[in-house]
Amino acid sequence: MTLDTLSDWARRLQAREISSRELAELYLGRIERLDAGINSFVTVTPELALAAADAADRRLAKGEQAPLLGLPVAQKDIFCTQGVRTSCGSKMLDAFVAPYDATVVERMNAAGAVMLGKTNMDEFAMGSSNETSYYGPVRNPWDPERVPGGSSGGSAAAVAARLVPAATGTDTGGSIRQPAAFCGVTGIKPTYGRVSRYGMIAFASSLDQGGPMAASAEDCARMLNAMAGFDPRDSTSVERPVEDFTAGLARDLKDLRIGLPREFFGEGLDADMRRVVQDALAVLRERGAKLVEVSLPNSGLSVPAYYVVAPAECSSNLARYDGVRYGHRCADPRDLMDLYMRSRAEGFGAEVKRRIMIGTYVLSAGYYDAYYLKAQKVRRLIADDFRRAFEQVDVIAGPTSPELPFRLGEKSADPIRMYLSDIYTIAVNLAGLPGLSMPAGTIGNLPVGLQLIGNYFDEARLLNVAHQFQQETGWHQRMPAAFA
Amino acid sequence: MSLTSDEVRRIAHLARLAVDDREAEGFAAALSDIFDFVETLNAAEIEGVEPMAHPLDAEQRLRPDTVTEPDQRELFQAIAPAVENGVYLVPRVIE
């Protein structure tokens, strides 16, 4: 069976070769048959999907056009969906049914998308392997003994297994790009402020950003067209017109300057990964790009700086889960303090508790300057490194992850080793820049991701470079044999 | 840095997280390792560097001070664990 991209399906829907209902049924059938092995969905919504597909078929019959009209998608379970449980991968929100839609969901629905369900994720998006989910780990479709990456591991695995053609993700320290790399799909974290955070459950508010994950850069551009845009309900949303991200895909790479940060090709990088990344860069060079060495001297400080800033913001954001207004509440509380303490202790998993406690400590009286203020200054150094690099180059490229997808359980007892798996992605969030990961090759049977980092609001350029690479190579079209 | 179980209990109390003695020991070991790792930041030269709170250094947007949201109290309270007559119920706080 041919499982086409969003763009191909859109063409076939417009030509009336297939209906939106048939398309939804096709993918719902795949989820039913195949998801048990990878656990990529927390909730599947067949009735809502078929109703949305029928509505899309009526719009198609009238000759309407919209970027996602009639196309099946999945929402990461961090985006609030009115009337459908939004768990954020946590026991705390196991019974939470949001009273409203996230802006991203609202915009995608208005663009005609047909939501098939909600995808699994690390609890509150805190993790790099999808093992912290209350609903059990997601497995990598390329090798079920390995992790899909995280925190958007459910979305990445579902797209890789072609259980859905595209899904949303969120990226606070690499949570779109690292799972995209581990599962062999394309994903982009836009510039901070591009995509509304309204109704996207908050983890670290100065870093969180939603974005698309799909089988190709062209599909990501189509999704981003529907997702991006100013939203007055998000105070950090950027008031800036959104371009058509598909418009520049065909541009050639002649004279494109690609910077290779020497710090991303150092001793921490696996030798085979280095070879795959260099082969991919050679493809871009053959298409006219110039490769230039650049330096990001402070990038080594990005992971420790992140593990001050992100937990600090997380401890503030997660203070809202009090067992009173919504979410888990313990049984028979003795008094108000007992209600707070036990509801939170029962509702949150170990990694979330660790981060809340780190954040509480670094923000507590007497420690603010030593940790939080220092980390914010390092954050400035990291952003300045990128600013200088972008004076010399248009795009920065390197590996997305220092290693291949690791085995389930391999790092779960060692938080710091887990944190370091985001070593090439975290600096991008601290600076607020856009970053993309796309499949660049394989080692054995496992996919390797190439990361592209752009200047502020230069998503179109990243999508263009990735699309040009995908015109020349077939890595993005490969899918795991067990799911063919 | 080495955190003791007592320090973990103090932090957990500030964070409103119940921890038993066995958990406190586990968190003490894990958090100590994480703080050791974070302290590599001490190597950074940050003299005179302006702290960065927001990636785009944007200023807070202001809007006219007018009512924009309708009252949806019933909708929002419908998902609360315990509500009566429009108020959230908690254990007695005033004797």
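The model is predicted: local features need pLDDT of at least 70, side-chain atom pairs count only at pLDDT 80 or more, and totals for chains, interfaces and linings use all residues. Residues are numbered from 1 along each chain as its sequence is written, chains are lettered from A and ligands numbered from 1 in the order in which they are written, and side-chain values use heavy atoms, with hydrogens and water left out.

**View 1. The interface of chain B and chain A.** Salt bridges between chain B and chain A number 0 (salt bridge: a side-chain nitrogen of Lys or Arg within 4 Å of a carboxyl oxygen of Asp or Glu). Polar contacts across the interface join 12 residue pairs, both residues at pLDDT 80 or more. A polar contact is a pair of N or O atoms within 3.5 Å; within protein, one must be able to donate a hydrogen and the other to accept it, and residues adjacent in sequence count only if both atoms are side-chain atoms. Helices (H or I, at least four residues) and strands (E, at least two) are DSSP runs, numbered from the N terminus.

View 2. A:T236 lies in the loop between helix 7 (217-227) and strand 7 (257-261) of chain A. Its relative accessible area is 16%, so A:T236 counts as buried. Buried means under 20% relative accessible area, exposed over 50%, partly exposed in between (1.4 Å probe, protein chains only). The side chains of A:T236 and A:R197 make a polar contact of 2.8 Å. Neighbours within four places in sequence aside, A:T236 touches A:Y192, A:G193, A:R197 and B:H54.

**View 3. Aromatic pairs in chain A.** Over all chains, the structure holds 17 aromatic pairs. Rings of Phe, Tyr and Trp (its six-membered ring) pair if their centres lie within 6.5 Å; planes under 30 degrees apart count as stacked, over 60 as edge-to-face and the rest as tilted. A:F124 and A:Y321 form a tilted pair, 5.1 Å centre to centre with 55° between the planes. The partners are 197 residues apart and link distant parts of the chain. A:F124 is in the loop between strand 3 (114-119) and helix 5 (153-160) of chain A. A:Y321 is in the loop between helix 9 (302-317) and helix 10 (336-347) of chain A. A:F124 is buried at 1% relative accessible area, and A:Y321 is buried at 3%. A:F264 and A:Y424 are also tilted, at 5.1 Å centre to centre and 40° between the planes. They lie 160 residues apart. Both A:F264 and A:Y424 are buried.

**View 4. An aromatic cluster.** Ring pairs join A:F96, A:F124, A:Y321, A:Y326 and A:F348 into a cluster.

**View 5. Charges over rings.** The charged end of A:R240 sits over the ring of A:F457, 4.0 Å from its centre. A:K411 lies over the face of A:F406, 4.5 Å from the ring centre. The rule asks for NZ of Lys or CZ of Arg within 6 Å of the ring centre and within 35 degrees of the ring normal.

**View 6. Salt bridges in chain A.** Over all chains, the structure holds 34 salt bridges. A:D77 and A:K118 meet through their side chains at 2.9 Å, N to O. A:D77 is in the loop between strand 2 (72-76) and helix 4 (103-110) of chain A, while A:K118 is in strand 3, 41 residues apart. Both A:D77 and A:K118 are buried. A:R21 and A:E25 form a salt bridge at 3.2 Å, N to O. A:R21 and A:E25 are 4 residues apart in helix 2 (residues 20-34) of chain A, so about one helical turn separates them. A:R21 is partly exposed at 30%, as is A:E25 at 40%. Salt bridges also link A:R334, A:D338, A:R342 and A:E346 in a network.

Note on methods: Contact = heavy atoms within 4.5 Å.
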